[in-house]
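The sequence and the model are shown first, and the description follows.

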Amino acid sequence: ELAMLAARRLSVLAGHFLRQAHVSAPARRIWNMKAAVAASGLHRHASNESRPLDCGEDAYFICTSPISVSAGVADGVGGWSESGVDPSKFSWGLMENCEKECGNAQVFVKAEDLLIAAYNNLVASRTIKAGSSTACLFTLDRTTGDLHTANLGDSGFFLVRNGDVIAQTYEQQFAFNAPYQLAILPPGITGFNVRPDRADKAVYTVQEGDVAILATDGFLDNIFGYELKHILGKCDAADVEGIATSLVKHANILSKSGTRISPFADRARQQGLRYIGGKPDDITVVVARFTSAVDDS
């Protein structure tokens, strides 16, 4: 009888543990992104009229697929206009190829691999004869919440959590005001050009409500980090359109100052150059907010 009682007790305990294990199994979650872009284009080209947003010589993309969400910005190098080349064609071509790669991918693609594939495809297409740009982008694995970033040049990325910037990229430059850039150079022409795998790379695990910001140097040259925090503090964290619009508005106003010591002026002075005021330029900002939900599929 004692043996039978012990067996029944073990059976009850086993059933309890099985039920407990079943109840506590975590539900599979899928990550989503709500994103918005705002821009203030300064440099005018005929091709601007056909773009979804007037970013001047900047460009951007936003992509959502069943596997990942991603976004990026690029800043076409304006010096090409002196040679009769529209700098925006390269930056838009690069971003459009990033969007295609994201949308067509059958597996998750890290940001750096997305940039490599997009650049190689742009070169292979032979649709761009000359041009160059910086690039900054992220890709988020919708099943793991891992956020991969890649930054080449002087555009930038910020990860904001509960109103605080907890991570950011830093500019890559050959020299002051000469950023790393991807390029297509005509025969006989030499210039700044680096491989896309030279981009700075990082990975983060997002939390509910995290906000990612991508910005071209027209924003970064005019807004200090403490000013970014101040602007964000006045915005609704869930209103990505409002955040993007506010950031571009503030940067645009400050870029026109003739007396301010802007981030660009501060760096110029560190190089022994006399510069005061903001730095007028194209300004493009993408703001994305990440949330998760139970996957019912």
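Which residues does Ser70 touch, not counting residues up to four places away in sequence? In this predicted model, Ser70 touches Met33, Phe61, Ile62, Cys63, Cys102, Leu114, Phe138 and Thr139. Ser70 has its place in strand β3, which covers residues 68-76, and because its relative accessible area is 0%, under the 20% limit, Ser70 counts as buried.

Taken as a whole, the protein has 7 helices and 13 strands, and its C-alpha atoms fill a box of roughly 95 × 45 × 35 Å along the principal axes. Of the 297 residues in the protein, 48% are buried, and among the contacts with a separation of 6 or more, 72% are between residues 24 or more positions apart.

An open sheet is formed by 5 strands in the order β1-β13-β12-β6-β7, with antiparallel pairing. Since β1 (29-40) and β7 (164-168) stand at the edges and each has a single partner strand, one side of each is left without a neighbour in the sheet. From one strand to the next, the twist averages 25°. Within this sheet, the antiparallel strands β12 and β13 are joined by 5 bridges, and Ala215 has Val285 in β13 as its bridge partner. Lying across β1, β12 and β13 is helix α6, which runs at about 30° to β1.

The residue ranges of three of these elements are set out below.

| Element | Residues |
|---|---|
| Strand β12 | residues 211-215 |
| Strand β13 | residues 283-294 |
| Helix α6 | residues 240-255 |

The largest nonpolar core holds 46 residues, of which Phe90, Leu94, Phe138, Leu147, Phe157, Leu214 and Phe290 touch the most other members. For Phe90, once its neighbours within four places in sequence are left aside, the contacts are Tyr119, Leu122, Ile128, Gly131, Ser132, Ser133, Leu182, Ala183 and Ile184. Another core, of 23 residues, lies apart from the largest one and includes Ala36, Ala251, Val285 and Val287; Val285 is also the bridge partner of Ala215.

The largest pocket contains about 500 Å³ of space. It is lined by 28 residues, and the closest of them to its centre are Gly76, Val77, Gly78, Gly79 and Gln181. At least two residues of this lining are supplied by each of β3, β4 (131-141) and β9 (178-179), and β3 is also the strand in which Ser70 has its place.

Technical notes:
Residues are numbered from 1 along each chain as its sequence is written. This is a predicted model: local features need pLDDT of at least 70, side-chain atom pairs count only at pLDDT 80 or more; totals for chains, interfaces and linings use all residues. Side-chain values use heavy atoms; hydrogens and water are left out. Two strands pair if DSSP finds at least two bridges between them. Helices (H or I, at least four residues) and strands (E, at least two) are DSSP runs, numbered from the N terminus. Axes are lines fitted to C-alpha atoms, for helices over the stretch in contact, and angles run from 0 to 180 degrees between N-to-C directions. Contact means heavy atoms within 4.5 Å. A nonpolar core is a set of buried Ala, Val, Leu, Ile, Met, Phe, Trp, Tyr and Cys residues joined through side-chain atoms within 4.5 Å. Buried means under 20% relative accessible area, exposed over 50%, partly exposed in between (1.4 Å probe, protein chains only). On a 1 Å grid over the protein atoms alone, a cavity is a set of points where a 1.4 Å probe fits but cannot get out, and a pocket is an open set with protein on both sides within 12 Å along at least five of seven lines; lining residues have an atom within 4 Å of a point. Grid points are joined across faces, edges and corners, and a volume is the space filled by probe spheres set on the points.
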